[in-house]
Amino acid sequence: MSRLPLSLRIAANAGASLVLAFLVMPILAVVPASFNKTSFIHLPPRAYSGVWYERFVEDAEWRSSLLNSLEVAVLATAIAVVIGTLAAIGLRRLDGRMRVVVTALFLSPMIVPVVVTAVALYRSALDVGLNGTILGMSLGHVILALPFVFINVSIALRAVNESWLRAAAGLGAGPLTIFRTVTLPNIVPGIVGGGVFSFITSFDEVIVAVFLAGHGNKTLPVKIWESIRLEFTPVIAVAATAMIALAIVLFAVAQTVSPKTRDQAQ
Amino acid sequence: MIPRRHLETAFLLSPALVVLAVLFVVPLARLFSLAFTDPAGPLATFAILAESSVYRQVMWNTFLVAIAVTGTCAVLAWPVAYVLSRLKGIWFGIALYGVLFPFWISVLVRTFSWMLLLERNGPLNRLLMSTGLTDAPLSLLFNDIGVMIGMVHVLMPYMILPLYGAMIRIDQRLLLASDGLGAGLVDTFRRIYFPLCLPGLAGGATFVFLLSLGFFITPALLGGANAITLSMLIASFVNDRLAWSLAAAGSLVLLAAVLLILGLTARLLPLDKGLFAK
């Protein structure tokens with residue numbers, strides 16, 4: 001196995017290239033689709049034009065859906081990052097069975113199928129009047145984003161040596177000073193990585209948002225979801241292209257801020 | 001008096017615990033309790049799900065699609081994971097980004113892309129026809145084929161990464177030793193390489209299977225009414241029929257299946273290594 005025969009090596013490389021092409025290429029199909037001139041999506045377009053970009057910018061509903069998405073994602077990320085970071089730090093102080101139970105609880109939103117979470121949130125949101133509000137969607141996304149912050153910060157915390165904390169305490173530093181001068185500087189990459197991933201999780205999220213959006217406060221994915229079923233014009237491809245562009249920017253941010261997030265992104 | 005250290009720990013953990021309790025555990029518990037409130041009896045909703053041939057068909061279809069997607073991903077992930085474990089430098093970076101990049105793109109956008117590609121008059125059908133592989137356009141959309149293609153595309157990285165994680169941890173000297181002791185390629189693979197890859201494969205397969213069971217966006221858009229899955233059924237109970245008790249019962253069935261499989265695989269295989277090591 002350490003040296004596969006040439007024919008098998010070629011086969012493995014060819015297979016890997018094909019699968020990688022299958023993973024990456026189809027995603028980019030929406031970009032040329034967004035430049036169609038006609039109202040029917042043809043791939044590749046018969047005639048190119050930016051008319052659907054104008055439509056996207058001029059249409060009040062598309063514009064407000066983009067703003068709603070940003071608002072929801074910022075709010076959800078802010079909450080998830082603060083409580084997720086505190087929780088990851090706190091968890092290190094637990095041991096034994098408690099630690100296992102609390103970890104399982106923090107990761108549980110990744111296990112429960114999102115449809116189930118969405119239906120449960122919808123039911124409770126109806127009862128307390130959070131249905132159809134930005135706050136309701138943000139709170140729903142906090143639940144989905146929390147595990148990512150928790151995992152990223154937990155991994156970053158492994159680099160913080162317990163003896164540093166004891167040394168700082170022995171030198172007379174209070175808990176807040178220790179956090180600010182020892183813990184925090186070492187876990188910034190984890191916090192940023194978790195934050196970026198939270199943001200994209202919320203910004204991309206469809207299912208919880210579809211249930212909680214109501215009529216007035218659609219997010220961009222909800223608007224795309226509805227348009228796919230109603231009108232299916234190239235303006236959807238414009239919105240999808242915008243989402244890809246934002247994802248690429250955030251991906252680049254995550255890569256540069258922390259060389260480690262690459263391994264944590266999964 | 002409670003020690004100060006315990007108070008600090010409670011202060012650190014409580015915001016997240018309260019948020020999870022109020023926004024996750026309580027809503028789930030309230031939803032699930034609805035499953036038992038049917039006027040016809042506490043288990044009437046489950047009886048409806050079990051007895052209707054339509055609902056049984058939906059659950060069976062969900063299970064079959066999940067199996068097929070997991071199997072396809074497991075096969076296709078091998079060459080990528082293997083090549084990743086061998087590449088170095090810039091080529092490794094390119095290949096790894098190829099696997100990680102799709103993670104960052106919304107599932108909705110990826111599914112929409114496949115709708116464009118798989119259309120009756122779409123590029124894929126035109127390619128197949130121009131190469132003479134088919135005479136008439138194939139129907140690739142709004143059936144199980146479309147759902148399979150879309151789901152394999154979305155879930156494949158979850159299989160590749162754990163498998164790759166297992167492969168890079170294999171001590172190359174074991175393979176050299178096997179070689180040196182006279183084992184052929186097939187024997188070395190069967191007795192050394194494959195068993196060492198197994199935790200990664202099992203971890204990836206569990207991940208893909210569990211995600212498949214609860215998948216919603218991709219089957220809803222690529223399968224439509226012809227390939228209904230359990231998650232679509234739950235959504236339709238709520239949105240189209242306002243049948244909350246049935247939605248609750250369906251949710252419980254789905255969650256129970258997920259937990260059962262997670263529990264079984266965790267018991268049988270060293271899952272934590274496959275899932276979290278990388």
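The exercises below, each with a worked solution, concern a predicted model.

Residues are numbered from 1 along each chain as its sequence is written, and chains are lettered from A and ligands numbered from 1 in the order in which they are written. In this predicted model, local features need pLDDT of at least 70 and side-chain atom pairs count only at pLDDT 80 or more, while totals for chains, interfaces and linings use all residues.

**Exercise 1.** Describe the elements and the burial of chain A.

Solution. Start with the elements: helices (H or I, at least four residues) and strands (E, at least two) are DSSP runs, numbered from the N terminus. Chain A has 13 helices and zero strands. Next, its C-alpha trace spans about 70 × 65 × 30 Å along the principal axes. Then apply the burial rule: a residue is buried if 20 or more other C-beta atoms lie within 10 Å of its own, exposed if 12 or fewer, and partly exposed in between, with C-beta atoms placed from the backbone. Of the 266 residues of chain A, 47% count as buried.

**Exercise 2.** Which residues have the most contacts inside the largest nonpolar core?

Solution. A nonpolar core is a set of buried Ala, Val, Leu, Ile, Met, Phe, Trp, Tyr and Cys residues joined through C-beta atoms within 7 Å. The largest has 170 residues, and those with the most contacts inside it are A:V119, A:A239 and B:L155. The element that gives the most to this core is α7(B), with 16 residues. Leaving aside residues up to four places away in sequence, A:A239 touches A:F56, A:W62, A:L220 and A:I224.

**Exercise 3.** Where does A:F232 lie, and what is its phi?

Solution. A:F232 is in the loop between α11 (220–230) and α12 (234–257) of chain A. Its phi is positive, about 50 degrees, although A:F232 is not a glycine. Most residues other than glycine have a negative phi. A:F232 counts as partly exposed because it has 16 C-beta neighbours inside 10 Å.

Conventions. Contact = placed C-beta atoms within 7 Å.
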